[in-house]
Amino acid sequence: MQTEWQQRLRLATAAIRPAHQFNSYGRLLSINGLTLTVKGGRLSLGQRCQVEGQQQWFDAEVIGFDQEQAFLMPLAAVSGLYAGAKVRVIENSALLPVGDSLMGRVVDGLMRPIDDLGEIDAPRQTLYAPHLSPLQRRGVEQPLDVGIRALNGLFTVGKGQRIGLFAGSGVGKSKLLGMMTRYTAADVVIVGLIGERGWEVRDFIEHALGPEGRKKAIVVAAPADQSPLLRLRAAELSHKLAAHFRDQGKNVLLLMDSLTRYAQAQREIGLSLGEPPATKGYPPSVFSKLTGLVESSGNSNSSRGSMTAIYTVLAEGDDPQDPIVDSTRAILDGHIVLRRSLAEQGHFPAIDIGASISRVMPQIVSEAHLQACYRLKRLYSRYQQIQELIPLGAYQRGEDAELDAVVKRFPAIEAFLCQGLNEQSIYADSRKQLMELVNEFA
């Protein structure tokens, strides 16, 4: 009897057909610049939607509300829109392909491949960067080898540190990032190219990154000609991917070029929504977004892995008081300043060692290493004070023995600070060379 009832139940269950779901559509009311005004449709903040055009549907995202009206921003260039066009919600838009098959791939801000290598073969899941309270964060305890002698020796980067590369345009930020991508000891490298010129994306992948660097890297690219919303999503996706691999127990290095372009994208969105401009045209939401993005990186108590983040910050007009430069300097764990005058002299990387600092270095290196770092910085500073006097013949030898030694051995100091694009310097060698150089002045 029980078997008969089970069979009848299976037949009845198989006969059930899913009910037709009710489709709710919004209507396009107006277009103002990059903002689409929509009414109806049960839309929620951050939701992905599609807007009907004359020939096709266009992707957009909800960025704000005003009573019964929702404001959307397209994710790509749109055409053929008309008043009264339908707006529908995209279901399961948060599910993204994530896995080890992402290594070596280049994707956009929505995880769509743009490298002509086909679809990404990985299970789909929801990515999120969990908010960590101060007590859930694990401190920076170990150094991370980035392959750059000056950084390893004088500004040691720690696993889980957030540090910035501050410079104007054309001073070598991207080349330095490419070297770190190739030579770092991290297991996974996430590269976020935000707001760059289109040709620079391919140039970075082919030349700065190279075949070896690409094997363990994932590149998230959103060039300058893309929607500000897509540039914003690309930066956030970079952090979510880094947090995902960190929580799998891997040491992750996140390189983002640049944090300034992220702020400019949020400025475009904020101004289009009617936010009042504040400092240098940036609305208040920009500085809140910057803090939230940076704070989503770092280490977690619940993971054996680490997430180190290095951001480039573009100082517009080489202005050290630029509002984005000033704001990010306060929220990062250190800053490396690249000086244009050094770059013009062929000094690469053009690091101004007097203006740069790693705030976690005292916690992760030995006392001997730290004292050698301070000693070299002081010697370099003394040379800078009399550098302009030497060609004029105004510098007199014999009055200061230490200064005489610095002038004599300055080529050795400069050789330590400079490094070729195809030259790697591991952490142990960098430390050894620093100690030997400083001991020459003992």
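How many bridges join β2 to strand β5, and in which sense do the two run? Four bridges link β2 to β5 (residues 69-74), and the strands run antiparallel. The model is a predicted one, in which local features need pLDDT of at least 70 and side-chain atom pairs count only at pLDDT 80 or more, while totals for chains, interfaces and linings use all residues. Residues are numbered from 1 along each chain as its sequence is written, and side-chain values use heavy atoms, with hydrogens and water left out.

The protein has 13 helices and 18 strands. These elements are DSSP runs, numbered from the N terminus: H or I of at least four residues for helices, E of at least two for strands. Along the principal axes, the C-alpha atoms fill a box of roughly 105 × 60 × 40 Å. Of the 442 residues, 50% count as buried. Buried means under 20% relative accessible area, exposed means over 50%, and partly exposed lies in between (1.4 Å probe, protein chains only). The accessible surface comes to about 21300 Å², and carbon and sulfur atoms contribute 50% of that surface. Among contacts with a separation of 6 or more, 71% link residues 24 or more positions apart. A contact requires heavy atoms within 4.5 Å. The protein carries 48 positive and 47 negative charges, and their mean positions are 5 Å apart. Lys and Arg count as positive, Asp and Glu as negative; His and the chain ends are not counted. Charges are placed at NZ of Lys, CZ of Arg, CG of Asp or CD of Glu.

Six strands form a closed barrel in the order β1-β2-β5-β4-β3-β6, with antiparallel pairing. Neighbouring strands in this sheet are turned by 45° against each other on average, direction ignored. Two strands pair if DSSP finds at least two bridges between them. Strand β1 (residues 26-32) pairs with β6 (residues 86-89) over two bridges, in the antiparallel sense. Here Arg 27 has Lys 86 of β6 as its bridge partner. On β2, β1 is joined by five bridges, again antiparallel. Ser 30 stands opposite Thr 37 in that pair. Two residues lie between the strands of this hairpin, and Gly 33 takes a positive phi near 65°.

Strand β2 (residues 35-39) is mostly covered, with four of its five residues buried. Towards β5, Val 38 has Ala 70 as its bridge partner. Thr 37 lies in β2. Its relative accessible area is 10%, so Thr 37 counts as buried. Leaving out residues up to four places away in sequence, Thr 37 touches Arg 27, Leu 28, Leu 29, Ser 30, Gln 69, Ala 70 and Phe 71.

Phe 58 belongs to strand β4 (residues 57-66). Phe 58 is buried because its relative accessibility is 10%. With residues up to four places away in sequence not counted, its contacts are Cys 49, Gln 50, Val 51, Gly 53, Ala 77, Val 78, Ser 79 and Leu 81. Ile 148 lies 90 residues from Phe 58 in sequence, and the C-alpha atoms of the two are 45 Å apart.

A second sheet is open and has eight strands, in the order β8-β13-β12-β14-β16-β11-β17-β18, with mixed pairing. Its edge strands are β8 (106-107) and β18 (357-358), each of which pairs on one side only. Strands β14 (residues 251-257) and β16 (residues 306-314) run parallel and are joined by six bridges. Met 256 stands opposite Tyr 311 of β16. Helix α3 (residues 173-183) lies across β11 (162-167), β12 (188-194), β13 (217-222), β14 and β16, at about 165° to β16. Helix α4 (residues 198-214) also packs on the sheet, touching β8, β12 and β13, and its direction makes about 170° with that of β13. Axes are lines fitted to C-alpha atoms, for helices over the stretch in contact; angles run from 0 to 180 degrees between N-to-C directions.

Strand β13 is largely enclosed by the rest of the structure, because six of its six residues are buried. In a regular strand, side chains alternate between the two faces of the sheet. Ala 217, Val 219 and Ala 221 are buried on one side of β13, and Ile 218, Val 220 and Ala 222 on the other. β8 pairs with β13 in the parallel sense over two bridges, with Val 107 opposite Val 220. β12 and β13 also run parallel, joined by six bridges, and Ile 194 stands opposite Ala 222.

Definitions and conventions: Areas by Shrake-Rupley, 256 points an atom, 1.4 Å probe, with all protein chains shown as cover.
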